[in-house]
Amino acid sequence: MNANGNGTSFQTRRKRVMDAIAPGATAILPSAPIAIRSGDVEFIYRQDSDFYYLTGFAEPESVALLSPGHPDGEFVMFVRPRDKDRETWTGRRAGVEGAIIEYGADKAYVIDELEKILPRYLEKSDRVHYPLGLNDKMDERVLKLVRWAQTMRPRIGVGPSAIIDPRDIIHEARLKKEPAELEAMRRAMAISAEAHKRAMMKARGGMMEWQIEAEVDYTFRSNGAAGPSYPSIIASGFNAATLHYINNDREMRTGELLLIDAGAEYDFYAADITRTSPIGARFTPLQRSLYEIVLEAQLKAIEMIKPGARFDEPHETALKVLVDGMRQLGILQGSAAEIIETGAYRRYYMHRTSHWLGMDVHDVGLYRVDGASRVLEPGMVLTVEPGLYIDHDDEDVPESFRGIGIRIEDDVLVTDDGHEVMTSETPKSIADVEALTTA
C-alpha cells in the first residue's frame, strides 16, 4: 500500500465517504488515544483503523476533518506540531507541512487550534458525523464546539441539527477490499504461514507453550510484520478446548494436540489462521477421526463461498458436517435436525464459522442487512474456522475424547467467479501436517 495518505487509495476512500455524507455535513474523526501500560510507560501505539483507512496517518493526538464542498478545504488535518526536543525522544513528527505535503490535506493546523478552526466548519454544517465513545478527551472538546454551533443555529439559520455516527458509512466502505488492501493481506498471510510451519516443526514434548509463541513472534517480526494482529493462542492438550486461551504457559507433551491460532499484522492488515497438529508425532486414530470431521466441515464450508451466497451458508454447511460426525462417533445422540434445532451441538461447537477480516481481525461490516443474512460480494474477505472442543472433565463422553480441542481456520476472498483461499500455503492435510511434526 501507499505509505501515506496522499496515495490514490486514500484519496479514493475519502471521496467515497464524502459522497456518502453529502454537502452540508462535516465528519470529524479522532485518532486513537495513547494507552498507558503501567506507570509512565505507554503501549506501542496503533492508530485507529477507521482513521488510518481514510488518512494513512499513524500519529496520535490528531483529528481528520472531511467537509465536502467547504471553501476552506474538504480534507483538513489537526496534528501535533514539530518539536525538536520531543522528537529527540519519540521520533519525527509530520507536522503541519507534512500533513499537507505527505498526506494530502487541503489545510492543516496544530491540534491546539482545533477550538479556533473547527467552528468555521460547524457553523455551516447541518449535520456532524462523529464517533462518540472512542476518545473521551476528544469527545469533550468536540461536543463543546458542537453545542456552541447548535446554540447559534436559531440566530443565523445554519448549524448542526444532529450528530451522526460515521462508522456505518466507513465500515461499509471497508468491507470490500481494494487491490492495495489485498496485497497487504497476502503479505500478512504469507508471513503467518511461515510462522505456523515453523511452529509445527519446532514443537516438541517438554517445551513450554510460550517457547512456541516466541517462535511465532520471531517469524512475524523477522519478516517485516508489526507483530501479531491479536494475542496468539498456543494451546496444548486440554487448553485447546478454551477458545481464547492466551496464557501460553503450560509444558507440552509429545503426542498431544497443539492448537495454534495466530496471525501477523502487516501494514495495518491482519491475517487470522488456526492449525491443530500433534506435538512431535503423528495423529492417533482418535485424533485423526476428530480432525477429519473438522477438516471436512471446513472444506465443504469453503465450497459455499461465492458471489450471491449468503454469509450464513458456510456456517450452516459446516454445522451439518460437524453434527453428523459427532453422531457417528457417539458424542451426540438423536437426529441431526433435532440436535441443530435444540442447539445441543453448542456444548462442543459454540462459535460461528466465519467473521469478516481486514484491518481488524474481527473486521467491520454488517452480517445481516434488513434482517437477512448478508449476500457475499467480490472483495469481501472472511474466515472459515469450524472446530470441536471437548472439556477435560466432560463425563458424558468416553475418557479418550476428553481434553481435545481442534480448530482449522483459513482466510477466504470472495472473487468474481467464486473464492480464493488466501492462506492455502499453510499446511492442513493430515499428510502435510505430519510431515512437519515428525521432521
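Asp 410 pairs with Arg 275 in a salt bridge whose closest N and O atoms sit 2.8 Å apart, a salt bridge being a side-chain nitrogen of Lys or Arg within 4 Å of a carboxyl oxygen of Asp or Glu. Helices (H or I, at least four residues) and strands (E, at least two) are DSSP runs, numbered from the N terminus. Asp 410 counts as buried at 1% relative accessibility, and Arg 275 is buried at 2%; buried means under 20% relative accessible area, exposed over 50%, and partly exposed in between (1.4 Å probe, protein chains only).

A word on the ground rules: this is a predicted model, where local features need pLDDT of at least 70 and side-chain atom pairs count only at pLDDT 80 or more, while totals for chains, interfaces and linings use all residues. Residues are numbered from 1 along each chain as its sequence is written, and side-chain values use heavy atoms, with hydrogens and water left out.

The structure holds 32 salt bridges. Another of them joins the side chains of Glu 178 and Arg 16 at 3.3 Å, N to O. This pair also links distant parts of the chain: Glu 178 belongs to the loop between helix 7 (167-175) and helix 8 (179-202), Arg 16 to helix 1 (residues 8-21), and 162 residues separate them. Here Glu 178 is buried, with a relative accessible area of 12%, whereas Arg 16 is partly exposed at 35%. Arg 310 and Glu 316 meet at 3.2 Å, N to O, with Arg 310 partly exposed at 32% and Glu 316 partly exposed at 35%. Salt bridges also link Asp 50, Arg 174, Lys 177, Asp 360 and Asp 363 into a network.

Turning to the rings, the count comes to 8 aromatic pairs. Rings of Phe, Tyr and Trp (its six-membered ring) pair if their centres lie within 6.5 Å; planes under 30 degrees apart count as stacked, over 60 as edge-to-face and the rest as tilted. Tyr 52 and Phe 268 are stacked, at 3.7 Å centre to centre and 10° between the planes. Tyr 52 comes from helix 2 (residues 49-55) and Phe 268 from the loop between strand 12 (264-266) and strand 13 (269-270), 216 residues apart. Both Tyr 52 and Phe 268 are buried. The Phe 311 and Tyr 367 rings have centres 4.7 Å apart and planes at 45°, so this pair is tilted. Phe 311 is buried at 6% relative accessible area, while Tyr 367 is partly exposed at 29%. Phe 10, Tyr 52 and Phe 268 make up one aromatic cluster.

Helix 10 (residues 285-303) passes a simple length check: at 1.5 Å a residue, its 19 residues should span 27 Å, and its end C-alpha atoms are 27 Å apart, which agrees. The expected span is 1.5 Å times one less than the number of residues. Buried residues of helix 10 include Gln 287, Leu 290, Tyr 291, Val 294 and Ile 302.
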